[in-house]
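Q: I would like to learn how to read strands, helices and an annotated site in a structure. Where should I start?

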Amino acid sequence: MKKIAVFASGNGSNFQVIAEQFPVEFVFSDHRDAYVLERADKLGVKSYAFELREFDSKAAYEQAIVDLLEEHQIDLVCLAGYMKIVGPTLLAAYEGRIINIHPAYLPEFPGAHGIEDAWQAGVSESGVTIHWVDSGVDTGKIIQQVRVPRLADDTIESFETRIHEAEYKLYPEVLNGLGVERKVDSK
Ligand code: GRF
């Protein structure tokens, strides 16, 4: 059985969708006050949180993450709103075992503002992408992606809501496709 960990920096709605359907070994946040940690508590999922500024270097911070992953024998790291670039220490240990969800149809609109950037550009459709993580920003090999249209009467809020709904469908599909087993009580 493949063991997964989810990394999130803030809200954690993707984490919640994943954890409702799949056993999550733990959630990691790089912010001690992230809402995802409350979600984890409510769902009974173990969580860890520490911040980059608490370490002497990014290498030391990432080594602490690698230690956690190894201790829990994690097979797949699922980034879901983890707002840090994955650095060489984590990549050296886990490249090929880290995936990320991006709220645009890569290679269109990479970076931290995929939804806003697509909206501002006036596209007729955007999308959601799940990809392997490499040393670039949203450049890794694409696993699966889905288009989301921008409707004539969309506001940025309604557009964003539909992008998130697409995310909540895509992440479980991809995990399924990668052979992660669902929770026994999951529908
Ligand atoms: C999602 O849109 C994800 O694609 C992006 O960050 C957002 C995280 O949302 N990388 P949440 O924390 O899962 O609610």
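A: Start with pairing: two strands pair if DSSP finds at least two bridges between them. The model here is predicted. In this model, strand E2 and strand E3 (residues 47-49) pair in the parallel sense over 3 bridges. One of the bridges joins Val-27 to Ser-47 in E3.

Q: By what path does the chain get from E2 to E3?

A: The chain passes through helix H2 (residues 35-43), and this β-α-β crossover is right-handed.

Q: How many bridges link E1 and E2, and in which sense do they pair?

A: E1 and E2 pair over 4 bridges, in the parallel sense. Ala-5 lies opposite Phe-26 in E2. With H1, these two strands make a right-handed β-α-β unit.

Q: Why is strand E2 described as largely enclosed?

A: A residue counts as buried when its relative accessible area is under 20%. In E2 (residues 24-29), 5 of the 6 residues are buried, so the strand is largely enclosed by the rest of the structure.

Q: Where does UniProt place the feature "binding site"?

A: The unreviewed UniProt entry puts the feature at Gly-12, Ser-13 and Asn-14. From this set, Gly-12, Ser-13 and Asn-14 are part of the lining of the largest pocket.

Q: Is Gly-12 buried or exposed?

A: Gly-12 has 8% relative accessibility, so it counts as buried. Gly-12 sits in the loop between strand E1 (4-7) and helix H1 (13-21). Beyond its neighbours within four places in sequence, Gly-12 contacts Val-36 and Arg-39.

Q: What about Asn-14: buried or exposed?

A: Asn-14, in helix H1, counts as buried because its relative accessibility is 9%. Leaving out residues up to four places away in sequence, Asn-14 touches Ala-80, Ile-101, Glu-167, Tyr-168 and Tyr-171.

Terms used:
Residues are numbered from 1 along each chain as its sequence is written. This is a predicted model: local features need pLDDT of at least 70, side-chain atom pairs count only at pLDDT 80 or more; totals for chains, interfaces and linings use all residues. Side-chain values use heavy atoms; hydrogens and water are left out. UniProt positions are given in the numbering used here, feature names are shortened, and annotations may be inferred rather than shown by experiment. On a 1 Å grid over the protein atoms alone, a cavity is a set of points where a 1.4 Å probe fits but cannot get out, and a pocket is an open set with protein on both sides within 12 Å along at least five of seven lines; lining residues have an atom within 4 Å of a point. Buried means under 20% relative accessible area, exposed over 50%, partly exposed in between (1.4 Å probe, protein chains only). Contact means heavy atoms within 4.5 Å. A crossover is right-handed if, with the strands pointing away from the viewer, the path from the first strand over the helix to the second runs clockwise.
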